[in-house]
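Visitor: Could you walk me through how to read a few features of a protein model, giving the general idea before each case?

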Amino acid sequence: MDRHDATKQFHSGGERLAELIDENPPVELPVPDTDTPMVSRSVRLPLETYERVRAAADARGIGVTTLMRQWIEAGLADLDDSATVSLADVRRAIASLAQPTAA
């Protein structure tokens with residue numbers, strides 16, 4: 001049955017529509033990428049700023065919202081001195097200290 005027939009069945013109160021619903025396989029819903037409940041908020045950004053954020057996210061191989069969430073979390077951690085740094089950043093800092101500086 002196509003969309004037109006299904007709409008016709010719905011408006012006529014036909015029993016066939018319920019059968020069609022039962023016949024279809026269940027829809028797989030997307031699985032959240034976290035167990036933490038999330039809140040969606042809209043943020044207005046100038047186009048240039050958004051493009052810079054998108055480019056930074058692309059360079060890291062992550063989504064824009066993931067990067068924005070990381071930056072917000074880092075900023076909040078900085079406010080209460082609970083900041084964490086990635087292991088890669090720590091290794092880079094240590095490696096830079098081990099290299100002799102130009103005199």
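**Reading the features**

Guide: The structure holds one salt bridge, the term meaning a side-chain nitrogen of Lys or Arg within 4 Å of a carboxyl oxygen of Asp or Glu. This is a predicted model, in which local features need pLDDT of at least 70 and side-chain atom pairs count only at pLDDT 80 or more, while totals for chains, interfaces and linings use all residues. Residues are numbered from 1 along each chain as its sequence is written, and side-chain values use heavy atoms, with hydrogens and water left out.

Visitor: Which side chains meet in the salt bridge?

Guide: Side chains of opposite charge can pair when their charged atoms come close. Here the pair is R92 and D89, at 2.3 Å from N to O. Because R92 and D89 are three residues apart in helix α5, about one helical turn separates them; helices (H or I, at least four residues) are DSSP runs numbered from the N terminus. R92 is exposed, with a relative accessible area of 52%, whereas D89 is partly exposed at 37%, given that buried means under 20% relative accessible area, exposed over 50%, and partly exposed in between (1.4 Å probe, protein chains only).

Visitor: How many of the 12 residues of α5 are buried?

Guide: The number is zero, so α5 lies largely in the open. Helix α5 covers residues 87-98 and reaches 17 Å from its first C-alpha to its last, close to the 16 Å expected at 1.5 Å a residue, where the expected span is 1.5 Å times one less than the number of residues.

Visitor: Which residues make up the largest nonpolar core?

Guide: In soluble globular proteins, nonpolar side chains tend to be buried together. In this model the largest such core has five residues, namely V53, A56, A57, V64 and L67, a nonpolar core being a set of buried Ala, Val, Leu, Ile, Met, Phe, Trp, Tyr and Cys residues joined through side-chain atoms within 4.5 Å. The elements giving two or more residues to this core are α3 (47-60) and α4, and the largest share, three residues, comes from α3. Leaving aside residues up to four places away in sequence, A56 touches L67 and W71, contact meaning heavy atoms within 4.5 Å.

Visitor: Where is R69 found, and is R69 buried or partly exposed?

Guide: R69 belongs to helix α4, residues 64-79, and counts as partly exposed because its relative accessibility is 28%. With residues up to four places away in sequence not counted, R69 touches D33 and M38.
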